[in-house]
Amino acid sequence: MKVCEMTDPIKVGILGASGYTGADLVRLLIEHPSVEICLLSAERSAGKSIGSVFPHLIGYDLPELVSAHSVNWADSNLDVVFCALPHATSQEIISKIVTLDNAPKVIDLSADFRLRDVETYAKWYGGEHQAVELQKEAVYGLSEIYRSEIEEASLVACPGCYPTAALLALIPLLQTGLISPENIIIDAKSGVSGAGRSLKEANLFVEVSEAMHPYAIGHHRHMPEIEQELSFASDSDVTISFTPHLVPMNRGELETIYVKLNDSSLNDIKDCWNQRYGADDFIQVLEEGTTPATRMVRGSNRAVMNVFADRRGGHAVIIVAIDNLVKGSSGQAIQNMNIMFGLEESLGLTQVSMFP
C-alpha cells in the first residue's frame, strides 16, 4: 500500500453537511490529523453554524454553512470535495467542479455515479443522467475491492450502505467460484438514519418505534448496484432477491444472505475471506459460531462477517454487520480519500465501536 507524508493539510469541502452522512463526515474529519475542513454547505441552513444544526458539533472551529451555489469554485483552493447531496442533484455541481484548472478530487456519496449504464440509472432514478461522459470516468468506491483504481481516481462514487455489506461478503466468493451466482437472497435491515434527515411521516418516532417493516419490496434502488458488481465478479448476469427493512434504531445495518455452494465448504468461504481481507484494517471474519451484530460495529468503520450452515444441503447463510453511516457511507468515503492521497488507509478511522 502506497503511503506518503503530507506536509500541508488536505483542504476539504463538504457539500450537504446538514444531513446525517454530512454530519458524520464532519465528526470523523475533525480528528483526522491530515485534514483541514475549509467549506461546509447546506442550502436551507446557509448562514448558520454547524453546531446550531447538530449540537454534538458545538464548540469546534468549523466554517459557517454556506449555499453550494454561492461558492466560487475557481477560488476555493480545495484539494477534495465530499458531495453528500441527494440523488440527482450531484451531477450538475460535480460537472462544474471537475472542469476547473487544478480541480479538487471529488468523492460522491450519492447514487449519481454508481451505475455504469446510463439507461439503468434512468430506469431506477427516474431521469436521464446529465453527466454521461463524467460517469464513465467515475471509479466505484468499494475500498477493499477497487483500491488500485481508487488510488488513481479523480472522481469516486461511494457505494450505498446495503451494497457495501453485501458486496464485501459476496464478491470474493463469486470471483473464486465458491458460490453460485444464482438464487442469491439478501435480507437486509437498517437503522432509521438510512432513510435520511428530511421530514417524512413514515420516519416519525411513533411510526418506527416498537416496530419493524420492509419497504421498497422488489424494487429498491440498491438492487441494480448490487447486481452490477456481482455480475462483474462472476462474469455472468446476476439477478438477486433483495428486501430491505427499517428497524427502530438510529444507526446500524445487518444483512442475512442465503447462497448456494459450488462444492465448497464453510471453511473454504472463511479461508477465502481471510486471504482477501487478512491485511485489511476494517474487515473482520469472526470466529466459528460468533454471530455478527450491529453492536459490534456501531460508530466504527468496521465490517464483521461470518458464515453458517443452512439446513438445506449445499447452501449457506452469510451474515454481515456494518454501521450504515460509517462503513456504509462517510467512513468509507474518508477511507477512499486516504487511498486517493496516498495516506495510511485507517487514518482518522480508528474509532472503537460504541457500546452500549
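These questions and answers walk through salt bridges, cysteines, sheet and helix packing in a predicted model.

Me: How many salt bridges does the structure hold?
Reply: The count rests on a side-chain nitrogen of Lys or Arg lying within 4 Å of a carboxyl oxygen of Asp or Glu. By that cut-off, the total for the structure is 13.

Me: Where do Asp24 and Arg27 sit relative to each other?
Reply: Their side chains meet in a salt bridge, 3.0 Å from N to O. Both belong to helix 1 (residues 20–30). They are three residues apart, so their separation is about one helical turn.

Me: How many residues apart in sequence are the parts tied together by Arg147 and Asp280?
Reply: The two side chains form a salt bridge at 2.7 Å, N to O. Arg147 lies in helix 6 (residues 147–151), while Asp280 is in the loop between helix 10 (266–277) and strand 12 (283–285). The parts they tie together are apart in sequence by 133 residues.

Me: What does Arg251 form a salt bridge with?
Reply: Arg251 is in the loop between strand 10 (241–246) and strand 11 (253–260). The partner is 72 residues apart, in the loop between strand 14 (315–322) and helix 11 (326–340). The closest N and O atoms are 3.1 Å apart, and the partner is Asp323.

Me: Which residues are linked with Asp24 in a network of salt bridges?
Reply: Asp24 pairs with Arg27. Arg251 pairs with Asp323. These pairs belong to one network, which links Asp24 with Arg27, Arg251 and Asp323.

Me: How many disulfides does a search of the whole structure find?
Reply: A disulfide needs two cysteine sulfur atoms within 2.5 Å. For Cys158, the nearest cysteine sulfur is that of Cys83, 11 Å away, so Cys158 is in no disulfide. The search of the whole structure finds zero.

Me: Are Cys158 and Cys272 buried or exposed?
Reply: Cys158 has 1% relative accessibility. Cys272 has 10%. The cut-off for buried is under 20%, so both count as buried.

Me: Which strands stand at the edges of the open sheet?
Reply: Seven strands run in the order 9-10-8-11-14-13-12, with mixed pairing. An edge strand has a single partner, so one side is left without a neighbour in the sheet. The edges are strand 9 (213–214) and strand 12.

Me: What is the bridge partner of Ile283 in strand 13?
Reply: Strand 12 and strand 13 (residues 303–309) pair in the parallel sense over three bridges. In strand 13, the partner of Ile283 is Ala303.

Me: At what angle do the axes of helix 7 and helix 11 cross?
Reply: The axes come within 8 Å. Cys161, Thr164 and Leu168 of helix 7 make the contact with Lys327, Gly328 and Gln332 of helix 11. The helices are roughly perpendicular. The crossing angle is roughly 95°.

Definitions and conventions
Residues are numbered from 1 along each chain as its sequence is written. This is a predicted model: local features need pLDDT of at least 70, side-chain atom pairs count only at pLDDT 80 or more; totals for chains, interfaces and linings use all residues. Side-chain values use heavy atoms; hydrogens and water are left out. Helices (H or I, at least four residues) and strands (E, at least two) are DSSP runs, numbered from the N terminus. Buried means under 20% relative accessible area, exposed over 50%, partly exposed in between (1.4 Å probe, protein chains only). Two strands pair if DSSP finds at least two bridges between them. Axes are lines fitted to C-alpha atoms, for helices over the stretch in contact, and angles run from 0 to 180 degrees between N-to-C directions. Angles under 35 degrees count as roughly parallel, over 145 as roughly antiparallel, 65 to 115 as roughly perpendicular and the rest as oblique. Contact means heavy atoms within 4.5 Å.
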